[in-house]
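I opened this notebook to record how the helices pack against one another. Two packed helices are described by the angle between their axes and the distance between the axes.

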Amino acid sequence: MNKNTNFPKNCWYVAATPDEIEAKPLGRVVCGRSMVLFRAVEGQVAALEDFCPHRGAPLSLGTVENGVIVCGYHGMRMNADGKCAGMAGQSVERFRKGIQTYPAIERHGYIWVWPGDAELANADLIPDLHWARSPDWAFGGGMFHIRCDYRLLIDNLLDLTHETYVHASSIGQPEIEEAAPDTLRKDHHVSVSRFMEDIPAPPFWQDALKGNNLDPDLPVDRWQVCRFSPPGSVMIDVGVAHAGHGGIEAPGEHRASGIVVDLITPETENSCWYFWGMARNFNVTDLKLTDSIRDSQLKIFTEDLEMLESQQRNLEANRERPLMSLNIDRGGVEARKILQELIARE
């Protein structure tokens with residue numbers, strides 16, 4: 001499993017949300033590495049190889065006591081540095097080598113891990129999710145486990161043409177595929193932009209306009225600006241504004257907009273973790289609106305999940321079959337090139 005070459009490892013990936021490790025240790029596979037995440041001394045996040053050096057049991061089936069993880073099989077105790085801290089009635093001094101540790105940091109409402117060379121881990125490389133630390137923004141989201149290659153999800157998020165068909169009852173409309181995408185690569189980043197003018201707002205955005213006390217029935221200018229950063233971040237600047245008020249530059253009293261947050265972490269070659277949500281900077285104190293938007297996104301992303309897992313099965317059954325590449329695919333193609341460049345560098 002650890003020999004996978006489809007994803008770079010010298011990167012920060014989201015492994016969990018903080019609430020997942022509050023009550024007990026959490027086992028999670030990131031880039032083919034089986035890890036156990038827990039809170040060590042003073043609540044610091046720690047990530048270890050999910051393997052007890054005594055008899056090989058998963059440490060994630062154990063408990064945490066005073067910042068030390070206790071194996072649930074025979075009670076061997078492991079420190080956050082991967083070294084044995086003791087075992088009742090036993091002499092364990094010979095277990096000097098310990099087990100693999102992984103750099104782990106809690107930031108922006110997520111637990112980030114570095115599955116590659118620990119000496120290269122630099123906290124400054126964690127994406128700056130500015131909305132996560134600002135009272136001017138509200139956020140609601142969730143997580144999916146998806147049985148597909150993580151790159152298929154990146155493809156999906158960089159080509160929103162699929163909204164017309166997969167999400168016809170919520171965010172899809174014919175005008176999306178009628179607007180040609182503008183794709184730009186700069187260094188290790190890719191952006192794909194679409195702008196639509198003087199169109200009806202689809203149901204999701206009608207509700208968002210209502211949530212900002214705006215008329216949902218007036219024609220709107222709509223925009224979608226997808227920004228990919230490796231290894232698995234796609235932030236999408238989305239919104240609508242009443243037509244004729246400047247589109248993406250329209251003042252707040254004429255628009256409803258936000259950032260669709262997509263953080264994708266490979267589990268294996270054909271499965272991934274998807275941390276999703278939406279940050280908005282209008283009517284941020286309305287908790288019911290936050291819940292409503294999150295529920296709508298849950299429905300939308302569930303539709304994506306079904307399509308992506310079916311796509312993965314089809315591709316596995318037809319491994320040698322060539323696929324078409326169109327202009328709408330350029331964002332995903334460039335993102336894959338970037339990932340392959342990072343993998344080659346490693």
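I looked up α1 and α6 and noted that they are therefore oblique to each other (under 35 degrees counts as roughly parallel, over 145 as roughly antiparallel, 65 to 115 as roughly perpendicular and the rest as oblique). The axes of α1 (residues 150–158) and α6 (residues 330–345) come within 8 Å and cross at roughly 140°; axes are lines fitted to C-alpha atoms over the stretch in contact, with angles from 0 to 180 degrees between N-to-C directions.

I recorded that the model is predicted, that local features need pLDDT of at least 70 and side-chain atom pairs pLDDT 80 or more, while totals for chains, interfaces and linings use all residues. Residues are numbered from 1 along each chain as its sequence is written, and side-chain values use heavy atoms, without hydrogens and water.

I next examined the contact of α1 with α6 (heavy atoms within 4.5 Å). Tyr-150, Arg-151, Leu-152, Ile-154, Asp-155 and Leu-158 of α1 meet Gly-331, Gly-332, Ala-335, Arg-336 and Leu-339 of α6.

I then checked burial in α6 (buried means under 20% relative accessible area, with a 1.4 Å probe and protein chains only). Its buried residues include Glu-334, Ile-338 and Leu-342, and the buried residues of α6 pack against α1, β13 (182–186), β14 (189–199) and β15 (220–229).

Finally I turned to α1 and α5 (residues 287–317), whose axes come within 10 Å and cross at roughly 130°. Leu-152, Leu-153 and Asn-156 of α1 contact Asp-304, Leu-308, Gln-311, Gln-312 and Leu-315 of α5.

Notes
Helices (H or I, at least four residues) and strands (E, at least two) are DSSP runs, numbered from the N terminus. Buried means under 20% relative accessible area, exposed over 50%, partly exposed in between (1.4 Å probe, protein chains only).
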